[in-house]
Amino acid sequence: MLLLFGWLGILGAVTLLTDDAPAALVVFPSQDFLERMPKDVAILSASPFSVTLASENAGLAIQLYQKGAWLVLPAGLQGCSRFS
């Protein structure tokens with residue numbers, strides 16, 4: 001469990017401190033979360049458990065936390081596998 005929470009914490013910190021990921025994954029969004037999104041944020045996919053969003057503007061993770069997200073993770077990154 002400690003390893004899982006440590007990994008999620010590192011991913012969350014990287015998402016907040018850099019804008020390297022092309023998209024952001026919001027885990028367990030509230031029912032009205034998408035209604036509060038700014039116009040410049042694109043919804044790439046949505047399910048009852050997560051929403052993947054993208055924006056051309058910097059600071060997407062901070063915007064998402066301000067709109068009520070409780071966990072924002074990077075999404076859309078290329079893997080390190082040669083098959084990615």
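Modeller: A residue is called exposed when its relative accessible area is over 50%, buried when that area is under 20%, and partly exposed in between. The model discussed here is predicted.

Colleague: Why is Leu-17 called exposed?

Modeller: Its relative accessible area is 74%, and the cut-off for exposed is over 50%, so Leu-17 counts as exposed. Leu-17 belongs to helix 1.

Colleague: What makes Thr-18 partly exposed?

Modeller: Thr-18 has 29% relative accessibility. That value falls between the limits of 20% and 50%, so the label is partly exposed. Thr-18 sits in the loop between helix 1 and strand 1. Between its C-alpha atom and that of Trp-70 there are 18 Å, and 52 residues along the chain.

Colleague: How do you know that the length of helix 1 agrees with its number of residues?

Modeller: Helix 1 has 16 residues, and at 1.5 Å a residue it should span 22 Å. The expected span takes one less than the number of residues. The C-alpha atoms at the ends of helix 1 are 22 Å apart, so the two values agree.

Colleague: Which residues of helix 1 are buried, and what arc do they cover around the axis?

Modeller: Leu-8, Gly-12 and Thr-15 are buried in helix 1. They cover an arc of only 60° around the axis, so they lie on the same side of helix 1. An α-helix has 3.6 residues a turn, so residues three or four places apart point the same way. On the other side of helix 1, the exposed residues are Leu-2, Leu-3, Trp-7, Ile-10 and Leu-17.

Colleague: Which residues form the nonpolar patch on the surface?

Modeller: The patch consists of Met-1, Leu-4, Phe-5 and Trp-7, which together have about 510 Å² of accessible area. A patch residue needs over 30% relative accessible area; Met-1 has 70%, so Met-1 passes that limit and is also exposed. Met-1 is in the segment before helix 1 (2–17).

Colleague: What makes the contact between Asp-32 and Arg-36 a salt bridge?

Modeller: The N to O distance between their side chains is 3.0 Å. The rule asks for a nitrogen of Lys or Arg within 4 Å of a carboxyl oxygen of Asp or Glu, so the pair qualifies. By this rule the count is one salt bridge. Asp-32 is partly exposed, at 32% relative accessibility, and Arg-36 is partly exposed too, at 31%.

Colleague: What is the phi of Phe-28?

Modeller: Phe-28 has a positive phi of about 50°, although it is not a glycine. Most residues other than glycine have a negative phi. Phe-28 lies in the loop between strand 1 (23–27) and strand 2 (41–46). Its relative accessible area is 46%, so Phe-28 is partly exposed.

Colleague: Why is Leu-44 called exposed?

Modeller: Leu-44 has a relative accessible area of 53%. The cut-off is over 50%, so Leu-44 counts as exposed. Leu-44 is part of strand 2. Its C-alpha atom is 8.4 Å from that of Ala-23, which is 21 residues away along the chain.

Colleague: Where is confidence lowest, and where is it highest?

Modeller: Confidence is lowest in helix 1, with a mean of 86, and highest in strand 3 (residues 50–55), at 93. The protein averages a pLDDT of 85, and 90% of the residues score at least 70. Where pLDDT is low, the predicted coordinates should not be read in detail.

Note on methods
Residues are numbered from 1 along each chain as its sequence is written. This is a predicted model: local features need pLDDT of at least 70, side-chain atom pairs count only at pLDDT 80 or more; totals for chains, interfaces and linings use all residues. Side-chain values use heavy atoms; hydrogens and water are left out. Patches are made of residues with over 30% relative accessible area and no salt bridge: like charges are joined within 9 Å, nonpolar side chains (Val, Leu, Ile, Met, Phe, Trp, Tyr) within 5 Å. Accessible areas come from the Shrake-Rupley method with a 1.4 Å probe; for residues, only the protein chains shown count as cover. Helices (H or I, at least four residues) and strands (E, at least two) are DSSP runs, numbered from the N terminus. Buried means under 20% relative accessible area, exposed over 50%, partly exposed in between (1.4 Å probe, protein chains only). pLDDT is the predictor's confidence in each residue, from 0 to 100. The arc is that of the directions from the helix axis to the C-beta atoms.
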